[in-house]
Amino acid sequence: MKNLMITGGAGFIGANFVLYVLNRYPDYNVVVYDKLTYAGNLDNLLTVKDHSHYHFVQGDICDTVVVNETVQKYDIDTIVNFAAETHVDRSIMNPDAFIQTSVYGTYVLLEAARKYKLERYHQISTDEVYGHIPPGYSSKETDNLVPRSPYAASKASADLLVQSYFITYNLPVTITRGSNNIGPYQYPEKVVPLFATNALDNEPLPVYGDGRQMREYQYVTDHCEAIDLVLHRGVIGEAYNVGTAVEMENIEMIDILLTTLDRPQSLIHHVKDREGHDRRYSLNIDKIGALGWEPRHTPREAIAQTARWYRDNEWWWRKIKSGAFKEYYEKQYGHRWQNK
Ligand code: NAD
Ligand code: TYD
């Protein structure tokens, strides 16, 4: 493993992974292949833009010609696929791009991996593929995939394709299924950066329903370490859950955010719930634990550290929130304020 093509590498987790790899493996070459959708942002990669082992290609993973050219040009031996449409609320408004990218795009990348006999194809997946989980149970990698939103269904479909390429063509694949990541460079549509930046501006926080839904909030660099471990020590053909083993209600996450940023509870506004809102995700992480991984941050530390990053990095998020984001916010939330 030496020449990595990191698709979706200009997004939140992908960019954090690029920074991590260039720092950890000075002899690896990293090619970021990214369409630069609204969520792709080269500001996330500013600190490595002149790095001699970093290259950027703007392209769509659905575009076979450009994908194949890139694999050949950079002598790629490994694809790590982060590229996806990633926001559940947007998938409810308009699922089309979710299906295109995660289903057809994953197929294009798998075909490239097969054609050029790559050493590894690694798929970045999510805990949402298991659907929502009853109290007292944590999802295992062998559980059925029961996705409940168009986003989750697009990701589950990609996982099934990846598994089929292992079984049918013996393609050397691995999959990681992460929980809710938080940290630097997360587009402020997701709950933690949205609420941190709203709170910093003394704007209300739109809490869906009763706010007692449960998530495992995970610091993004912990996820990056887990992906690294699976790339180097994971068993071919296997999926690995990457969570925190500590779940938290959204209202507790909000309390940590507000306390860290010294903002009042009065910013909390309960609004109309998300359609089909998954109540609880919980991952059993014994399998990756057996490879020697454990999270370095508790969810509490991860939330506080993330809140401080948004407080200290207005240069990054202010321009996003003042652009096309405003239109999205009005469309997504305009009706929610009156309509509980
Ligand atoms: P993100 O939305 O911040 O970034 C996605 C990136 O993919 C962007 O840079 C975008 O430009 C690019 N992209 C989208 N469509 C593309 C296409 N057709 N071709 C090429 N590039 C394209 O997402 P993220 O939060 O960093 O998530 C990355 C991956 O991790 C996704 O596959 C997501 O499903 C998965 N995941 C995310 C979380 C989370 O909490 N954010 C948790 C578990 C798994
Ligand atoms: P989100 O960050 O969208 O991640 P996901 O739904 O993929 O887990 O949302 C995390 C949780 O926060 C989820 O239970 C929905 C809730 N939420 C709100 O209460 N208000 C919001 O404005 C958003 C975006 C999410």
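I count a residue as near a molecule if one of its heavy atoms lies within 4 Å of it. The model is predicted: local features need pLDDT of at least 70, side-chain atom pairs count only at pLDDT 80 or more, and totals for chains, interfaces and linings use all residues. Residues are numbered from 1 along each chain as its sequence is written, ligands are numbered from 1 in the order in which they are written, and side-chain values use heavy atoms, without hydrogens and water.

**Ligand 2**

Next I listed polar contacts, here pairs of N or O atoms within 3.5 Å. Oxygen atoms of ligand 2 lie 2.5 Å from a polar side-chain atom of Glu128 and 2.8 Å from one of His277. The protein buries 97% of the 510 Å² that ligand 2 exposes when taken alone (Shrake-Rupley method, 1.4 Å probe).

**Ligand 1**

I then turned to ligand 1, which has 29 residues around it; Ile13, Asp34, Thr86, Tyr151 and Lys155 come nearest. The side chain of Lys155 has an N or O atom 2.6 Å from an oxygen atom of ligand 1, and for a polar side-chain atom of Thr86 I noted 2.7 Å to a ligand 1 oxygen. Asp60 places a side-chain N or O atom 2.9 Å from a nitrogen atom of ligand 1.

Definitions and conventions:
Polar contact = N/O pair within 3.5 Å; in protein donor to acceptor, adjacent residues only side chain to side chain.
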